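Please work through the exercises below with the sequence and the structure in view, and try each task before reading its solution.

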Protein chains: 2
Amino acid sequence: MLIVQKYGGSSLGSADHVKNVARKIQRTVEQGHQVVVVVSAMGDNTDDLLELATKLSVNPSARELDQLLSTGETQSSALMAMTLEHFGVPAKSFSGRQAGIITSYDYGKARIEQVDPRELRNALAVGITPVVAGYQGVTRSGDVATLGRGGSDLTAIAIANALGADRCEIYSDVAGVYTADPRIIPAASPLGMLNYDEMLELSSQGAQVLQTQAVEFARGQQVPIYARSTFTDEPGTIIREGKKESVEKPPVTAIALNRHIAKVGLIGVPDAPGVAALLFQELGESGINVELIIQALSHNQLNDIAFTIEEDDVEAAEPIVQRCLEKLGGNALSIDTQVAKVSAIGSGMLGRPGVAARVFKALANGHINIQMIGTSEIKISCIIDRDDAERAMRLIHEEFHLGQSQEMIED
Amino acid sequence: MLIVQKYGGSSLGSADHVKNVARKIQRTVEQGHQVVVVVSAMGDNTDDLLELATKLSVNPSARELDQLLSTGETQSSALMAMTLEHFGVPAKSFSGRQAGIITSYDYGKARIEQVDPRELRNALAVGITPVVAGYQGVTRSGDVATLGRGGSDLTAIAIANALGADRCEIYSDVAGVYTADPRIIPAASPLGMLNYDEMLELSSQGAQVLQTQAVEFARGQQVPIYARSTFTDEPGTIIREGKKESVEKPPVTAIALNRHIAKVGLIGVPDAPGVAALLFQELGESGINVELIIQALSHNQLNDIAFTIEEDDVEAAEPIVQRCLEKLGGNALSIDTQVAKVSAIGSGMLGRPGVAARVFKALANGHINIQMIGTSEIKISCIIDRDDAERAMRLIHEEFHLGQSQEMIED
């Protein structure tokens, strides 16, 4: 088989970690497989560089930041290649450029436009294991551009697709995807299989196993992903198209929690056309992502508007919302940073009524007040008090018997 | 003027150092000059990476080492570019590749084969100060190759030559070249001017102001070098062709000291043709550089052969010499690591007899025994006991009144 293996920063935190990963790669090669390795920067390397940059410039240019930050992955790839060679596995490091990865010009969050895998193929053809620096590529003008946090996942999946690899394995410090974060819900059980849509909802709702863009790319190109742990031999989770899914699939697959959101409320805004448009256009132009939106018609032709944003965006959003409120002649602005979002996700809820009601009832039985609700075809999100977050997660987890398989093992 | 300015690692040891250098560049730009900056890696960055590499591999491949070590300079260039921009100087970082530097395939000690300065010219034309990562280039196959220790000097001089710059300024933590190392001879005085040949002898005899290959390149292309201090505004030393030199030039310009050598002696080797050839060929093939050689015909057709090598090479040289000695049937091998080499250098000694005699007499007056002597047209080197090294330096320095200008200032 031709296998792409990606190892994240937590798997490469020290010289001993690097050796451990090299032994893992060696075993795969010795089983007769061809392997292309993709690596992130070692441990906190990227954060250290970022800290140094902010000491030197209040607002460093995105091009220079990318030129700087990409060196962490280049270092990892060279160190991994020499470690593999030390263990007798012929290897060669590739920067994003050398691996043929062409990106858009959006420094810091570039998209992969093209992968020319010729050099990687040439290496594989003569028995050399390529070790590619993740997270980076070059624009058509030859400048280095990075793919955003978690971008090494995207590198791995794009290379797997360009090479027509049999599988893409993403290694981290957790053994794949669980029904809920096991640090919060000890009864959470590992999931053997997920489809791309479920994984996308999970990633974008706060689960940090895989980068959202990487999952989107994998869905578009139908690249199967194996999310596994670097430190154990557990099978992990396969993410792939769910065409052959059993009709017996349970309605909810997993629960996600995002504690880093804030709720913004505008009270008593005149009910005139274009009010919401003005507000959300200005927020959008400032790069602030708005998620759930509720607009309630109250008395005297006055509206209340509430929406959620990332907590990190509060500082930037507040003056914009304040300005809009004054322009529109609203009554008051409220910002609540003590909320959390709990989401139940599962493609099994498609065409199955009553799933949302079960979520709401589980929370009501626990006396947890639901402040806002958002849904997609395969997701139900509830905004609740942050203090209730973990309890809410546990209640929904129990309602859908998600920990069952593990509980049975424990019996 | 178009000025190339190179800043070494000791000038870039911390965020504050980087800011200090950026201010210096800013002042030059604000004086109306065009500047191309070349930077080394920050402080001990390269050593730290090297240490990590040796933890992972006993014998890392030269290609991977170059891919790894070059990242230090790339980081410096991006950090310097963002600092300049923070100070309002439009700037852009260039890796060796982006600066158009094509090298030979000798990883770790590559030669610059070609510089294509188009991208640098394009930046200068629109008022952008290019900041080039020193020490690195790419081979014609696109692999990163480094130029050896001190290689950023060579980068600067090659770029100055390719751009037809008016001058190339090399900044370090010392204010140019002195008549002797001021840490050893406090009376040493700064030299205003040196020719390339003198600088070459000084560099290769142990003075660490400029990389030897860089001086050779500058001599070949007639690029004037200004060696100056990052931390003072002293004029420093100009290194250029000495065509217009005064005939009144003193016979000795400067004294160099190398304490890191060893003397190897083979006693009682048969006086047969090819003996020396065999020995020095085997040492050369192992990359061991032999400098001074003395072969003395002693009694009974037996020779004594003595030569000097770098102290670091003793471990590698000993088994080779031992094997040769056994093959030739010699009597004994002696290795003395308690020696030093003191060299008096000056193009003023050309065609002026008696200079060597003055050196020997100065040492004899100090009761210092000369074990070996080596000369070139503009250099006299003496191998002496290492304990006598500093005193020998001082004696020769005084004999040729080299500290005079400074002593006069001190009066």
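This is a predicted model: local features need pLDDT of at least 70, side-chain atom pairs count only at pLDDT 80 or more; totals for chains, interfaces and linings use all residues.

Residues are numbered from 1 along each chain as its sequence is written, and chains are lettered from A and ligands numbered from 1 in the order in which they are written.

**Exercise 1.** Find how β11(B) pairs with strand β12 of chain B.

Solution. Strands are DSSP runs of E with at least two residues, numbered from the N terminus, and two of them pair if DSSP finds at least two bridges between them. β11(B) and β12 (residues 237–239) of chain B pair in the antiparallel sense over three bridges, and Tyr226(B) stands opposite Ile238(B) there. β11(B) (residues 225–229) also runs parallel to β9 (residues 167–172) of chain B, to which five bridges join it; Tyr171(B) has Arg228(B) as its bridge partner.

**Exercise 2.** Decide whether Pro250(A) is buried, exposed or partly exposed.

Solution. Pro250(A) lies in the loop between β12 and β13 of chain A. A residue is buried with 20 or more other C-beta atoms (placed from the backbone) within 10 Å of its own, exposed with 12 or fewer, and partly exposed in between. Pro250(A) is partly exposed because 16 other C-beta atoms lie within 10 Å.

**Exercise 3.** Determine how far the C-alpha atom of Pro250(A) lies from that of Gly346(A).

Solution. These two residues are 96 residues apart along the chain, yet their C-alpha atoms are separated by 7.7 Å.

Notes. Helices (H or I, at least four residues) and strands (E, at least two) are DSSP runs, numbered from the N terminus.
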